[in-house]
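Colleague: Please pick out a single part of the structure below and go through it closely. Give the cut-off behind each term as you use it.

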Amino acid sequence: MHFAPLPYLDPGSGSFLIQLLIAALLGLGVAVRASWGKIKGWFGIKAKADEDDDESTE
Amino acid sequence: MMTNQLNSRQLPASFRDPSGFLFSRGGVLYRQVNRVYEQEYIRLFESGLYEKLVRARLLIPHVEVDQALAESESAYKVIQPERVPFISYPYEWSFSQLKDAAVVTLSIQRRALKLGMSLKDASAYNIQFVRGKATLIDTLSFETYKEGQPWVAYRQFCQHFLAPLALMALKDVRLNQLLRVYIDGLPLDLASELLPWKSRLNFGLLTHIHVHASAQKRYAGEEIKSRGGAMSKQAMIGLIDNLEATIKKLAWIPKGTEWGNYYDITNYSDSAFEHKRGLVAEWTNRVKPSVAWDLGANNGVFSRAVSTPETFVVSFDIDPAAVEKNYLQMKNEKTESLLPLLLDLTNPSPSIGWANRERESFGSRGPADMVLALAIIHHLAISNNVPLLQLAEYFAKIGKCLVIEFVPKSDSQVKKLLASREDVFHNYTVEGFESAFREKFIIHEKVPVRESKRVIYLMEGK
């Protein structure tokens, strides 16, 4: 009988590594947006209200 | 304490989590919180997260009850969550229901991060529709967030939400049925293979599904040395924002399917329709069911005639477009006592998961106080060849009372069904129908529907 090695391979490692990579990239975006918000602030343009302070989600 | 184990029942859906489990006693549902979860439970309250989530109707509220109810020595507390009138599963949801469940999961994660906590699970099974809104029902899903730690539920989120939604939106809405086979969500390599090539042009789908699937294959089984300090909070927020933006962009607009415009092509007059609706409403008022199941509900016209604050209606249909329309209307009108769900009555949801007990079958979530079976019997008896007696037996099993419409062979809809097949349904007559159903039911009312050849009945199980 042939036992496929597949069930022993955990996809978790790949998920972990790719998450770090994608998140690092997206984190940069968050930083850029935050600085952009600050720059706009200097010119008196208000940032959008934080949606999490709303009571609703949709 | 151990003596309490008599007359109680630990529910088989929550065996995996060491933090606690669900059990029922005397028909009431409780959740035991284990001592290993004490610190996290305290933090959920002290951080203000519980209150914030409950106020936004994102998390199910609960009350703490007498600890003497505990099932085992490992108990820290026993809580009683608000009752969910009907537990449903992601393979029974329409596109927008799954999408709302995904968005709710991400909003919870974002709020949790702000208050120093993080979701340790992103299972679609932890979301239920409570008073019309997707709500997290697993109070024990939170852990303390440590800066640097990645989102442990990232892969699960992609498998349970992103992959099925992408397939439904970009390939075929019926692919949500894969969730019935893959209980822990769609394997990402499968999703990647099934998605059309153009999905690679979408940054979110390219990274969270296609590249993610390749990375899983490439690094399978490799040991990860450092697990901490690797991912900043800013990066985590970027990840959550991007998942949310990717999901919000996915859309599915129902096209005119077999049933989508059923009420426009129906063969009976407005007066017949109103007569039928009046009878259904009157009989419901007489039966006063707390839970009613409307089978073959289409977009829920009759479900709405039945649904009241006292009567919760589960509105089932086989057509994804009808369920989608029903759900969007329900959301729009803020109806709280209605739940549209996808169901093929000729092959209803089975019980699945470990020992076939994790997720309950359609039938074992009953019986309902009242079942509505309007304009559906010809599909079951003629298209699906189910003998009338077997239909009576099944309906008696899933409902205490039954409002059923008999559609005779002389009806134009039945004529259409019989056009392409041999008529072997010799006892498919009013007399044959009544004699089969009398085996299992007492017939309380029998009314011919005005301006039609149909007859509608109110029956009660024997």
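Modeller: In chain B, 7 strands make up an open sheet with mixed pairing, in the order 12-11-10-13-14-16-15. Strands here are DSSP runs of E with at least two residues, helices are runs of H or I with at least four residues, and both are numbered from the N terminus. Two strands count as paired if DSSP finds at least two bridges between them. The model is predicted: local features need pLDDT of at least 70, side-chain atom pairs count only at pLDDT 80 or more, and totals for chains, interfaces and linings use all residues. Residues are numbered from 1 along each chain as its sequence is written, while chains are lettered from A and ligands numbered from 1 in the order in which they are written.

The edges of the sheet are strand 12 (338-342) and strand 15 (441-448) of chain B; each has a single partner strand, so one side of each is left without a neighbour in the sheet. From one strand to the next, the twist averages 15 degrees. Axes are lines fitted to C-alpha atoms, for helices over the stretch in contact, and angles run from 0 to 180 degrees between N-to-C directions.

One of the bridge pairs is Ile443(B) with Met459(B), the latter in strand 16 of chain B.

Two helices that pack on the sheet can be described next. Helix 9 (residues 270-287) of chain B touches strand 10 (291-295), strand 13 (368-373), strand 14 (399-406), strand 15 and strand 16 of chain B. The direction of helix 9 makes about 170 degrees with that of strand 13 of chain B. Helix 11 (residues 320-332) of chain B touches strand 11 (312-317) and strand 12 of chain B, and its direction makes about 160 degrees with that of strand 12 of chain B. Contact means that the C-beta atoms of two residues, placed from the backbone, lie within 7 Å.
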